[in-house]
Amino acid sequence: MEQTLVILKPSAIERGLVGEILTRIQNKGLIITGMKMMQLDEKILREHYAHLVDRPFFPSIVESMTASPVICMVLKGVDAVEVFRKMTGVTNGRKAEPGTLRGDFCMSGQANIVHASDSVENAKIEINRFFKPEEVLDYTPANVKFLYADDEIKLR
């Protein structure tokens, strides 16, 4: 199974959306194998958003992402990166489809409640950026046999 990184941004924390987002993740069948609350700083944001550091809006990203703690999670599932990206919706909440997290819960392109890894390769890099190896558990819940057909996954 594949892993992906999710960050519940300050806009989700401050608006009290954590429970709703966690419920949707679990209802979909994605498996939470790591989760922690942390306060981000400019150093880690410069690394995480290295492709945006030279853009004029980068200081506002730092300001919004350090406004409160965030919740970082590692999710596991078949095609987890693609599945969660579809659940998230497009970056700008005003343009996101109803039924997606952003489509249902945000009106902003920046205060857009959640970060989702955009590829399997980047998910690995991002997970290592925010989690120590011992903070991500090799955990498969008992109900996994009700989430997938036998030929979709191999269990131990």
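Where in the chain is the place of L40? L40 sits in the loop between strand 2 and helix 3. This is a predicted model.

**Nonpolar cores**

- The largest nonpolar core has 21 residues, and those with the most contacts inside it are L8, I21, M73, F84 and I113.
- At least two residues of this core come from each of strand 1 (2-8), helix 1 (10-14), helix 2 (18-28), strand 3 (70-77), helix 5 (80-88), helix 6 (101-105) and strand 4 (114-116).
- Another core lies apart from it and has 18 residues, including Y49, F130, F131 and V136.
- In soluble globular proteins, nonpolar side chains tend to be buried together.
- M73 is one of the residues with the most contacts inside the largest core. Not counting residues up to four places away in sequence, M73 touches T4, L5, V6, L8, L22, I25, I32, G34, M35 and F131.

**Helix 2 and helix 5**

- The axes of these two helices, helix 2 and helix 5, come within 12 Å and cross at roughly 135 degrees. That angle makes helix 2 oblique to helix 5.
- The crossing in which helix 2 passes helix 5 is right-handed.
- On the side of helix 2 the contact is made by R24, I25 and K28, and on the side of helix 5 by V83, F84 and M87.
- Of the residues in this contact between helix 2 and helix 5, four are nonpolar, none is polar and two are charged.

**Residues with positive phi**

- D79 is not a glycine, yet its phi is positive, at about 55 degrees.
- D79 belongs to the loop between strand 3 and helix 5. With a relative accessible area of 41%, D79 is partly exposed.
- I113 is also a residue other than glycine with a positive phi, near 65 degrees.
- The loop between helix 6 and strand 4 holds I113. Its relative accessible area is 0%, so I113 is buried.
- I113 is among the residues with the most contacts inside the largest nonpolar core.

- L40 is buried, because its relative accessible area is 3% and buried means under 20%.
- Leaving aside neighbours within four places in sequence, L40 is in contact with L45, M65, T66, V70 and F130. F130 is one of the residues of the core of 18 residues.
- L40 and K145 are 105 residues apart in sequence, and their C-alpha atoms are 37 Å apart in space.
- Q39 lies in this loop too, between strand 2 (31-38) and helix 3 (42-48).
- Q39 is partly exposed, with a relative accessible area of 44%.
- T66, S68 and P69 are in contact with Q39, leaving aside its neighbours within four places in sequence.

- Q3 has its place in strand 1. Q3 counts as partly exposed, at 30% relative accessibility.
- Apart from residues up to four places away in sequence, Q3 touches T33, V74, L75, K76, V81, A123, I127 and V136.
- Q3 and D118 are 115 residues apart in sequence, while their C-alpha atoms are 11 Å apart in space.
- Helix 7 (residues 120-130) contains N128. N128 is exposed, because its relative accessible area is 58% and exposed means over 50%.
- The C-alpha atoms of N128 and L5 are separated by 9.5 Å, although these two residues are 123 residues apart along the chain.
- L5 is also one of the residues that M73 touches.

Terms used:
Residues are numbered from 1 along each chain as its sequence is written. This is a predicted model: local features need pLDDT of at least 70, side-chain atom pairs count only at pLDDT 80 or more; totals for chains, interfaces and linings use all residues. Side-chain values use heavy atoms; hydrogens and water are left out. A nonpolar core is a set of buried Ala, Val, Leu, Ile, Met, Phe, Trp, Tyr and Cys residues joined through side-chain atoms within 4.5 Å. Buried means under 20% relative accessible area, exposed over 50%, partly exposed in between (1.4 Å probe, protein chains only). Helices (H or I, at least four residues) and strands (E, at least two) are DSSP runs, numbered from the N terminus. Contact means heavy atoms within 4.5 Å. Axes are lines fitted to C-alpha atoms, for helices over the stretch in contact, and angles run from 0 to 180 degrees between N-to-C directions. Angles under 35 degrees count as roughly parallel, over 145 as roughly antiparallel, 65 to 115 as roughly perpendicular and the rest as oblique. A crossing is left-handed if the near helix is turned anticlockwise from the far one by less than a right angle, and right-handed if clockwise. Ala, Val, Leu, Ile, Met, Phe, Trp, Tyr, Cys and Pro count as nonpolar, Asp, Glu, Lys and Arg as charged, and the others, Gly among them, as polar.
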